[in-house]
Amino acid sequence: MVRANLPAQSTGQQSFVHKHAATLAVVPVLLIALFFYFGSTIWSVVMSFTASKIFPDMTFVGLRQYARLFNDNLWYMSLENLALFALGSLGSLVLGFVLSVLLDNNSAGEGAFRTIYLYPMAVSLIITGLVWQWLFNPSLGLQQFFRDLGFKDFVFNWVGDKNKVMYAIILASVWQSTGFYMVLCSAGLKGIDTEVWQASRIDGISKLRMYLEVIIPMMKFTFITSFVLLSIGAVKAYDIIVAMTNGGPGGHSIMPSYYIVDMYTNRRFIALGAAGSTVLLLIVAAFFVLIGVINYALRKRES
Amino acid sequence: MRIAPQIQSLIAFPNKIPPKNPISRGAAFVVLVFFALLFAVPLYVMIVTSLKSMDEIRLGHIFALPVAPSFDAWDTAWNKAASGFTNTGLKSGFWNSVFILLPSLAMSVSISSICGYALACWNVKVGNLLLSLLLVCAFIPFPIIMYPLIKITVFLKIYSTSFGVSVVHTILALPILTMIFKNFFSSIPTDLIKAARIDGGRFLGTFFHVVLPLSPNIMIVVAIMQITGIWNDFLVGLTFGNVQAFPMTVNLNNITQTQTGVRVYNVYMAAALLTAIPPLVIYFISGKLFIRGITAGALKG
Amino acid sequence: MAQVAVKHLDKVYQGNTHILKDLSLEIDSGEFLVLLGPSGCGKSTLLNCIAGLLDVEGGRVEIDGKDVTNSDPSERGIAMVFQSYALYPTKTVYGNMAFNLRMKRKSKEFIDQKVKETAELLQISELLDRKPATLSGGQRQRAAIGRALVRDAAVCLFDEPLSNLDAKLRTEMRIELKKLHKKIKSTFIYVTHDQVEAMTLATRIAVMDAGRFSQISTPDELYERPANVFVARFIGSPAMNFIYGTISFESGINVISHDGIRFDISSYPFLTKPQNGQRVILGVRPELFHRATSDAKSYSTLLNIVEPLGANVLCYCQLGKSDIVASLNPSDLAGVQTDEELKLEIDLSKVSVFDEASSLRL
């Protein structure tokens, strides 16, 4: 911007607006970032140290809400499920990578395949949850279909089984997001120099070996991006739980986002919701610091 | 000296790449088809189920084609399915979604594109600070800012209105959209902006006359990303829309979770399809741009 | 027409890198001033400051006596041509040229007339309806110049406008620019790193080095009497030969090179009085060497490599322990082979002498 201590040349207010137009354009976003994001985050962190229930209450109780949180079996289960979900949704990346490799080696109908693999990404997770709930329906869905085919003991009632309900949710979510990771991996594969393949042919290296020893290491930054996105997905997971199980049976499919939103909206316990979201924020921050360090180390080694 | 056969073939036919192994190619194709069928199953099941009556659903299996296809379930889903307190079907949710979508699309795209343009093409003192802030914002989990945002929208008297939901969508979209626009506009040569300034284009004039005509693709990509993102949203609509301004997804969920009486899966599937049609249509029409849209949008906090 | 003055200009990037240091320069009306220097010397930064595209940390810019330091670029009455042409890709050539006048809310008829006039001047009338992407490099260049000229700006700024063109086109456009300047008589300020462009186009050249002016003078003056070693080295191709030695007042004024060769510079017009034993650099342009006609004043060299350029011949020789380049007439080389002795004489009245410590001309 223009030096402030020089006398203004042209006239009045219009000139000010015009000169600082770029700064003025940035101000709304800056204020939103500071106020709605950072301000709200700080407010929630503060609330987590108070006794607030239905209404905000500024009585400070130290870490009591955190103690209460970690004494809550549901919260434990939600953290366990978060880890399980994050691990399980790696399936999208694995399957997406395999599909992208297969597509890379097969040009027939490429567009059609991509369209089919990716369409689940276009629909709401509420719909994903609903349709998979229907497929998992014990008396009318897939279980019955296979029993009618003659597999009398076939059991596929994962949604109703407290030990398997998370796998059902993971399956639905893998179905929903595999196409997306396929697209990411395809972009990564396309970025690899074709000369590498020509060199491998001259050296007589098999394709499988090439993928394992050359291509996958070359795509490490694609994978890091994918890890970040998968973890964001796990932290955000809410809609699919609502639509498929509503946290059931018996809270066995509850996840942190669901726990926190439920705490705020149904159970009306602000401080506990705030404490939960603060823990979630710390988990996210720790994860991104870790990813950042790995990313930095990899890039440093490369250069 | 012996020359490896691979090299021999390269010398003999320098332009010809040796053909790929036909067997592995066939195998790849088979696996691709298998997964394509697997991925298509849910959509197929949704469509056939929505065209059946409940009696037929109970008698036949889940994959069976409808014996007497009828759109009764679609009609019920759209016009009279019960959700919570009312029996007005999905159509009110549809219109709510439209009224949530349009203002938030306009607000988020205009604010973020102009801010991204200022950051990319003009020398703004706080620019780098803001970009780092936005990056952090993009990773702040929504639940931690949800309750304060509710309080703020209540204070502004826009809570449980479709406009309030629009505002929240705009706030949530700004960090990532601003970064996307900033990155895109940074690719515009600085000389072009300088030329426009000398030609008398001021901040907005340069934006509309020079920058915007260069950016139809990014605008479409962002629009697709916002439309599908907002249309498919559930949590924001649920927590900020309240009863008066539920978007279609919340409406759909209410219909399926109304526990009175039998679970009418044909109506549920019809309702799900109705809700899915707008983004699916955009998906099938826009193809590659859609892919770019969701790739960009996936970074959204 | 307008005069441009830059007074004590300071430009600092990111709070630490001093790009321009206390620059002052006055440019007369109708001048063709070239800012010349190696990349990174600050010449483009200075041009951008004059244009108002960059804010300055100190000093002022005046156009026609009016302080415009704080004015918007569009209010300074300037036009600018960019290295990358910076044509608006979505507008036709006509649209590019009309844009400025439209922003100034001129009438349609006026704009139309102006654009067509200027297009004719630059012989781009038939290109007016085309988009920049469909034009060749030379055509784009013309369109970009057209966009600058259409507004009758008193000052035209050029930021390396020819460096994206191939060699032949560059020569053509150079001549064209010179004609244009003669015709429209605006003040031109032109940035380049190409000394041939600078020498051929400029009425005055300002040579810049590390954010300062090394010398500001006419092309001839710059070539014949460079003010310091930097300018001497930068101007001229092949570069000036430098011979290191000391001043000796024994029988006239002489430079004795470190390997004992004596150069009589009694006729040299010293600006400052030299001292006996002062360490100096003797600068000799390649074309000041001639084949010796008599043995009396000749210097014996060993001819290493010959580069025939047609009109003249570049001879890379060894004079004592220094490697020198001499530009000779082809006929001068008759009877001499490489790796043989070549006797040369030097036109010592036209050499340059620099103080070794300060690098300044003596």
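Q: Which domains does chain C have?
A: This is a predicted model. Chain C is divided into domain 1, residues 4-226, and domain 2, residues 241-355.

Q: How many residues does each of those put into the contact?
A: Domain 1 of chain C gives four residues, and domain 2 of chain C gives four residues. The domain centres, taken over C-alpha atoms, are 40 Å apart.

Q: How much area is buried between domain 1 of chain C and domain 2 of chain C?
A: About 350 Å², with 37% of it on carbon and sulfur atoms. On the domain 1 side, Y223(C), E224(C) and P226(C) lose the most area, together 96% of what that side buries.

Q: What about polar contacts and salt bridges there?
A: Two residue pairs are in polar contact between these domains of chain C. Salt bridges number zero.

Q: Switching to chain A. Where are its domains?
A: Domain 1 of chain A covers 12-47, and domain 2 of chain A covers 69-302. Their C-alpha centres lie 36 Å apart.

Q: And what do they bury between them?
A: The two domains of chain A bury about 360 Å², 71% of it on carbon and sulfur atoms. S44(A), V45(A) and M47(A) supply 77% of the area buried on the domain 1 side.

Q: What classes of residue sit on that side?
A: Where domain 1 of chain A touches domain 2 of chain A, there are two nonpolar, two polar and no charged residues.

Methods:
Residues numbered from 1 in each chain as written. Chains lettered and ligands numbered in written order. Predicted model: local features only at pLDDT ≥ 70, side-chain atom pairs only at ≥ 80, totals over all residues. Heavy atoms only, no water. Domains from an automatic or database assignment. Contact = heavy atoms within 4.5 Å. Buried area = accessible area lost by both parts, 1.4 Å probe. Salt bridge = Lys/Arg side-chain N within 4 Å of Asp/Glu carboxyl O. Polar contact = N/O pair within 3.5 Å; in protein donor to acceptor, adjacent residues only side chain to side chain. Nonpolar A, V, L, I, M, F, W, Y, C, P; charged D, E, K, R; others polar.
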